[in-house]
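Me: I would like a close look at a single part of this model, with the cut-offs behind each term spelled out as they come up.

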Amino acid sequence: GWVITGQKVWNSQAVEADWAVCLARTDATVSKHAGLTYFLIPMNADGVDVRPLRQVTGIWEFNEVFLDEVFVPDSQVVANPGDGWRIAVTTLSNERFAMGSATFGHGSRALVRRLLESGDHAGTRDDAVRVLGRNAALELSVSALNLRNAVTRMNGTTDGNSADNSVRKVWHAIAQRDASRALVSILGPRAAVGHPEQPYTFDFLGLPAILFGGGTIEIQLDIIARRVLSLPR
């Protein structure tokens, strides 16, 4: 088996997870991608310490995980030692597919419509209607990309590692970022406070999780530049 010691921050839902994926360096004599191995580790194993990170929203979506001489048997190695990067790319691609396919959240038209109907927005009704129209368009564009990707997968014209996943992930993040900012722009002084019955401020404060989770917009754009456009490094 193997003994793993290390630490990683920004692990989503680690405090609730039963198992973790661990990509660890097992061969320092080869190139950086070739020396990685893909492990499966139970979160209740001896030496695993999960420390939740409280966000500004008050929840603990992310966590820091410490591994202190955690024993991992050979049976919990996926494929062979050194195959970790190949498997991790597939894992990340599927993660981005799932995140990009998620129901539109931050700045959703449902939230804007709720604010419009309550009349609690600042400025004129026309201002709020314009935000509703634009946010609805962003939401529908994300849905259209999701549908196109699902159809191409069903037809077998794209694979699980398609760069389309990164395109959809980055647009999903950009759309939610712009929509959430637009929602806050029509709140006026109410943007400084918030409670469960009026979750508009909570929506904006939770936005960084979307922008960081699964790879930032900048990381996704780099992947698109190299894998789709074949731009020089």
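Is F62 buried or exposed in terms of relative accessibility, and which aromatic pair does F62 form?

Reply: This is a predicted model, in which local features need pLDDT of at least 70 and side-chain atom pairs count only at pLDDT 80 or more, while totals for chains, interfaces and linings use all residues. Residues are numbered from 1 along each chain as its sequence is written, and side-chain values use heavy atoms, with hydrogens and water left out.

F62 counts as buried because its relative accessibility is 9%, where buried means under 20% relative accessible area, exposed means over 50%, and partly exposed lies in between, with a 1.4 Å probe and protein chains only. F62 and W10 form an aromatic pair with 5.6 Å from centre to centre and 85° between the planes, which is edge-to-face. For such pairs, the ring centres of Phe, Tyr and Trp (its six-membered ring) must lie within 6.5 Å, and planes under 30 degrees apart count as stacked, over 60 as edge-to-face and the rest as tilted.

Strand β1 (residues 2–12) and strand β5 (residues 62–72) run antiparallel and are joined by eight bridges, where two strands pair if DSSP finds at least two bridges between them. Here N11 stands opposite N63 in β5. Strand β4 (residues 48–53) also runs antiparallel to β5, through six bridges, and F62 is the bridge partner of L53. Further along, the charged end of R51 sits over the ring of F66, 4.0 Å from the ring centre, a contact that requires NZ of Lys or CZ of Arg within 6 Å of the ring centre and within 35 degrees of the ring normal.

A search of the whole structure finds two aromatic pairs. The other is formed by W2 and F39, whose ring centres are 5.5 Å apart and whose planes stand at 70°, so this pair is edge-to-face. W2 in strand β1 and F39 in strand β3 are 37 residues apart, so that the pair links distant parts of the chain. W2 counts as partly exposed at 24% relative accessibility, whereas F39 is buried at 1% relative accessible area.

Terms used: Helices (H or I, at least four residues) and strands (E, at least two) are DSSP runs, numbered from the N terminus.
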